[in-house]
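Here is a friendly briefing to read alongside the model. Have the viewer open, and take the points in order.

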Amino acid sequence: MRDLTFSSGGLKFDYLVTYPERTKTVPPKKIILPLKQDISKELNLVVSKGASVKAGDVIAEGNEAFLISPIDGKVIQIIENVQTHWGDTCRAIEIESFEKNIFPRDFRGDGGILKNLIQAGIIDYQEVPRSLFSKLVLAQKSKVNTIIINGLEEIISHGKYYYYLAKQISIIEQGIKSIKEIFNVDKVILALYNDYKTLDNVYDLKDLLDIDIVFLKKKYPQHHSNILVRTILKKDIPLGKTIEEVAQVSIINLETIYHLGILASGFLPYRDKVVTVIKGDIKDTELVETVIGASIKEILESLNVKIDNISKIVVNGCIGGSALTTFEYPITKDMTSIFLIYKDSEVYFEDSVCIKCGLCVDVCPMNLMPLFLYGYAQSNIWDFVEKFNVQSCIECGCCAYVCPVNIPIPQWIKYAKANLKNKRSDT
Amino acid sequence: MSNLIVSPVPHIHSKNSVKAIMGDYILALIPAALFSVYLFKFAALKIIIISILSSVGWEVFFRKITNRDSTIDDLTAVYYGLLFAMVLPPTLPWWTILIGTFFMILLGKEVYGGFGANPFNGALISWVILKISFPSYMEKWIVPIKDFPTDLTPLQVFKIQGIEFVHNYFSYKQMFLGIVPGFMGQVSALALLIGGIYLIAKKRVNWRLPVSFLLGVFLTSFLLWALGSTKFGDPIFHLICGGTFIAAFFLITDIPSSPVTPQGMFLYGFLGGMLTVIIRVFGHWTFGSYYAILIMSLFTPFLDKIVPQPYGRY
């Protein structure tokens with residue numbers, strides 16, 4: 001069978017998807033845990049300043065996913081107004097480790113998987129982080145009968161999922177069993193890039209668990225849920241509708257499957273974190289094993305990265321990720337990769353004159369006209385911005401990536417969306 | 001305090017630039033330019049050099065008097081200078097080239113605010129200006145080899161004497177290779193084809209434009225040839241003579257004046273091709289493709305309205 005891909009647009013890449021040889025374990029000296037690890041409400045703190053916590057203790061509660069201390073330590077402060085990388089603000093808790101530089105010991109929870117889903121604090125990340133519990137509720141409401149496991153990282157920031165499938169296959173196997181049980185579905189599709197064809201583990205999974213595997217061409221933004229559904233199930237998701245409603249399918253990240261696997265095999269909550277650190281170029285990549293809450297600065301220092309030369313830190317993807325405001329930002333549950341941009345290779349986008357080359361139209365995966373969206377947004381002609389379907393834009397950044405005159409098109413689109421939202425709320 | 005940059009997507013760039021695009025366009029024109037120098041010797045070299053230098057010079061001049069930053073380093077002036085030289089006869093006096101490049105930079109670029117905002121291809125506008133102002137200079141040719149049976153271009157022979165004379169004077173091979181009198185860069189379909197394939201392979205040119213243009217030329221001439229007798233000229237003749245290839249790969253693909261949507265490109269190219277043959281066969285002027293493209297550029301804003309259906313909208 002030919003490898004699938006989506007029609008119209010996208011950026012082709014020919015990187016070989018594999019995993020980096022170098023792996024490093026970084027035990028944190030102190031951790032910072034924002035009380036919002038997903039887009040739902042801020043969690044309620046159950047510990048106060050000065051309290052001692054043990055690894056595995058609940059430190060914040062909520063309706064969908066708890067937050068559990070990953071280390072033994074002492075709460076040294078509650079920080080107000082921490083900004084999450086997806087644009088929310090919340091409080092955060094800072095815990096200092098008792099045993100410095102020692103990776104926290106294992107601990108065990110209790111009870112079955114479903115019961116522990118909330119307590120273990122499992123988060124799934126697609127475009128935004130959501131608790132697995134809320135996805136389960138949505139799936140049950142929409143009578144979901146299929147699960148697509150999204151084994152696609154953003155094409156340039158890959159490394160981690162290959163590592164999971166190559167080295168942690170028993171955990172993934174356990175995770176797939178659990179997700180079938182929790183969501184009560186028979187049909188599971190594992191979506192992978194075509195470079196995984198050479199990995200025997202993948203075929204073992206297929207035979208053992210009776211799941212479908214689809215191989216996809218290496219194209220950005222293939223990992224986006226709407227585009228994934230369009231590619232695999234040939235269903236188009238209308239604006240304002242969820243994938244669950246339209247296609248009766250839930251998309252679960254391979255990362256979430258891994259954490260479910262850990263939960264199912266050892267009753268361990270969401271704690272360990274593997275992140276790909278890309279030092280300016282995909283060829284210089286390392287995998288880092290740490291825990292949630294570890295500060296990025298500490299990780300970079302342990303990798304001997306000179307932070308003075310860094311001008312930008314981008315998490316969850318090289319093209320479509322989000323830029324962080326500070327080095328002190330902690331590893332959160334949704335993080336998959338950290339991309340460092342050095343000062344000498346920073347790209348500057350500026351408003352120059354559009355030369356109407358049409359490359360943005362060529363690469364737009366949603367069939368939009370980015371050059372018109374930019375043009376009308378710049379001239380504040382909001383009717384036309386809306387007429388050219390600005391709301392359908394998934395803000396993948398393909399248009400600005402290829403733009404020969406470096407126009408920050410997604411920035412203008414964000415500006416247009418915000419203005420239209422304001423206008424609607426005014427009326 | 002950390003000084004980190006925060007910005008929306010994308011965080012990396014393809015390193016694509018106007019300079020890179022123009023560099024490829026220049027490279028793609030090199031075979032045609034070399035061929036013209038081989039065919040017309042020093043006369044061609046002189047015109048190419050004057051055209052490029054004056055084009056850059058005028059750009060510096062206009063930027064200076066309008067008090068704007070120089071844009072020479074994006075190579076647009078160099079490319080348009082070279083492209084303009086390719087559509088000139090090898091005998092043109094030097095001062096007419098200066099007039100041509102003056103209008104090319106003024107009307108094809110600066111008056112609209114710079115490269116990208118111009119609705120027409122500058123090289124074509126100034127070609128028309130020269131054609132109207134100095135008709136006799138613009139039709140003076142150099143015969144490529146001694147004792148050539150005619151000193152007219154294949155299209156002129158076709159217009160004035162008839163298609164049977166074309167076949168008497170020129171073989172298909174000669175026309176395809178470019179051993180005929182004519183504008184410097186347009187004589188050799190082969191050299192232009194090499195450049196065109198390079199541009200399509202490098203994705204500098206959307207394949208839809210040249211393909212639909214050539215299809216338009218071929219189908220229209222085929223229809224006329226099949227319907228009306230042989231006097232309209234056969235499709236192969238229309239494809240390989242008189243600037244069809246320079247139009248298909250370098251003129252109709254002009255970045256600012258061509259449409260951006262897939263459907264728009266097809267229509268633009270196809271109608272341009274149709275119009276080329278119609279002007280050649282029924283019109284007063286011989287060089288149909290240049291006029292056809294100028295006329296089609298008028299429709300570009302309209303053709304850009306034919307937008308594709310976005311996903312998730314019904």
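This is a predicted model: local features need pLDDT of at least 70, side-chain atom pairs count only at pLDDT 80 or more; totals for chains, interfaces and linings use all residues.

**Layout of the domains**

- In chain A, domain 1 is made up of 11-17 + 108-266, while domain 2 covers 359-426.
- The C-alpha centres of domain 1 of chain A and domain 2 of chain A are 30 Å apart.

**Contacts across the interface**

- On the domain 1 side of chain A, 8 residues are in contact with 10 residues of domain 2 of chain A.
- Those residues of domain 1 of chain A that touch domain 2 of chain A comprise 6 nonpolar, 1 polar and 1 charged.
- Between domain 1 of chain A and domain 2 of chain A there are 0 salt bridges.
- Polar contact across this interface of domain 1 and domain 2 of chain A amounts to 2 residue pairs, both at pLDDT 80 or more.

**A look at A:S250**

- A:S250 sits in strand β16 of chain A, which spans residues 249-253.
- Is A:S250 buried or exposed? A:S250 counts as buried because its relative accessibility is 0%, under the 20% cut-off.
- Beyond its neighbours within four places in sequence, A:S250 is in contact with A:A139, A:V144, A:T146, A:I147, A:I148, A:F183 and A:E244.

Definitions and conventions
Residues are numbered from 1 along each chain as its sequence is written. Chains are lettered from A and ligands numbered from 1 in the order in which they are written. Side-chain values use heavy atoms; hydrogens and water are left out. Domain bounds come from an automatic or database domain assignment. Contact means heavy atoms within 4.5 Å. A salt bridge is a side-chain nitrogen of Lys or Arg within 4 Å of a carboxyl oxygen of Asp or Glu. A polar contact is a pair of N or O atoms within 3.5 Å; within protein, one must be able to donate a hydrogen and the other to accept it, and residues adjacent in sequence count only if both atoms are side-chain atoms. Ala, Val, Leu, Ile, Met, Phe, Trp, Tyr, Cys and Pro count as nonpolar, Asp, Glu, Lys and Arg as charged, and the others, Gly among them, as polar. Helices (H or I, at least four residues) and strands (E, at least two) are DSSP runs, numbered from the N terminus. Buried means under 20% relative accessible area, exposed over 50%, partly exposed in between (1.4 Å probe, protein chains only).
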